[in-house]
Amino acid sequence: MAGGRRHDYQVCSDCGTVTEFENSSIERYQAELARSMGFTVQSLKIELRGGCNRCTGPGWLTLSSNLESSKY
């Protein structure tokens with residue numbers, strides 16, 4: 001992808017906290033998917049919305065725990 005460093009974010013729907021993150025596995029998968037479809041990506045932004053640790057508290061079921069146990 002052209003254009004420099006990516007900026008992906010987690011946004012808490014309750015308090016509005018925004019946290020930037022990077023994940024090389026996601027980036028590789030997106031590049032492979034685009035290539036396999038004959039698509040050239042010009043820009044990309046991932047924004048995950050949900051609840052931060054402060055707002056959800058201990059024991060809250062998270063998407064990340066579901067993703068870790070799934071095969072995607």
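Predicted model: local features only at pLDDT ≥ 70, side-chain atom pairs only at ≥ 80, totals over all residues.

User: Which residue does R49 form a salt bridge with?

Analyst: With E47; the closest N and O atoms of that pair are 2.9 Å apart.

User: And is E47 exposed or partly exposed?

Analyst: E47 counts as partly exposed, because its relative accessibility is 35%. Salt bridges with shared partners join E47, R49 and K45 into one network.

User: What's the N to O distance between K45 and E47?

Analyst: The side chains of K45 and E47 meet in a salt bridge at 3.6 Å, N to O. K45 itself counts as exposed because its relative accessibility is 55%.

User: How many salt bridges does the structure hold?

Analyst: Two.

User: Switching to the sheet. What's the strand order?

Analyst: The sheet is open and has three strands, in the order β2-β1-β3, with mixed pairing. β2 (18-21) and β3 (47-50) are at the edges with a single partner strand each, so one side of each lacks a neighbour in the sheet. On average, neighbouring strands are turned by 20 degrees against each other, ignoring direction.

User: Mixed how? In what sense do β1 and β2 pair?

Analyst: Strand β1 (residues 8-12) pairs with β2 in the antiparallel sense, over four bridges. β1 and β3, on the other hand, run parallel and are joined by four bridges.

User: What holds strands together in general, by the way?

Analyst: Strands of a sheet pair through backbone hydrogen bonds, and they can do that either parallel or antiparallel.

User: Back to β1, then. Which residue in β2 stands opposite Q10?

Analyst: That's T19. Q10 also has a bridge partner in β3, namely L48.

User: And what stands opposite Y9 in β2?

Analyst: E20 stands opposite Y9 there.

User: How many residues lie between β1 and β2 in the hairpin?

Analyst: Five residues lie between them, and G16 in the turn has a positive phi of about 85 degrees.

User: New topic: the surface. Which residues form a nonpolar patch?

Analyst: Y29, L33, M37 and F39 do, with about 490 Å² of accessible area together.

User: Where is the place of Y29?

Analyst: Y29 is in helix α1, which covers residues 24-36. At 53% relative accessibility, Y29 counts as exposed.

User: One last stop, T56. Which helix is T56 in?

Analyst: T56 belongs to helix α2 (residues 53-56).

User: Is T56 buried or exposed, and why?

Analyst: T56 is buried, because its relative accessible area is 17% and the label applies under 20%.

User: Which backbone oxygen does the side chain of T56 reach?

Analyst: The one of C52, at 2.9 Å.

How values were computed. Residues numbered from 1 in each chain as written. Heavy atoms only, no water. Patch = residues over 30% accessible without salt bridge, like charges linked within 9 Å, V, L, I, M, F, W, Y side chains within 5 Å. Areas by Shrake-Rupley, 256 points an atom, 1.4 Å probe, with all protein chains shown as cover. Salt bridge = Lys/Arg side-chain N within 4 Å of Asp/Glu carboxyl O. Helix = DSSP H or I, 4+ residues; strand = E, 2+ residues; numbered from the N terminus. Buried < 20%, exposed > 50% of the residue type's maximum accessible area, 1.4 Å probe, protein only. Pairing = 2+ DSSP bridges. Axes fitted to C-alpha atoms, helices over the stretch in contact; angles between N-to-C directions. Polar contact = N/O pair within 3.5 Å; in protein donor to acceptor, adjacent residues only side chain to side chain.
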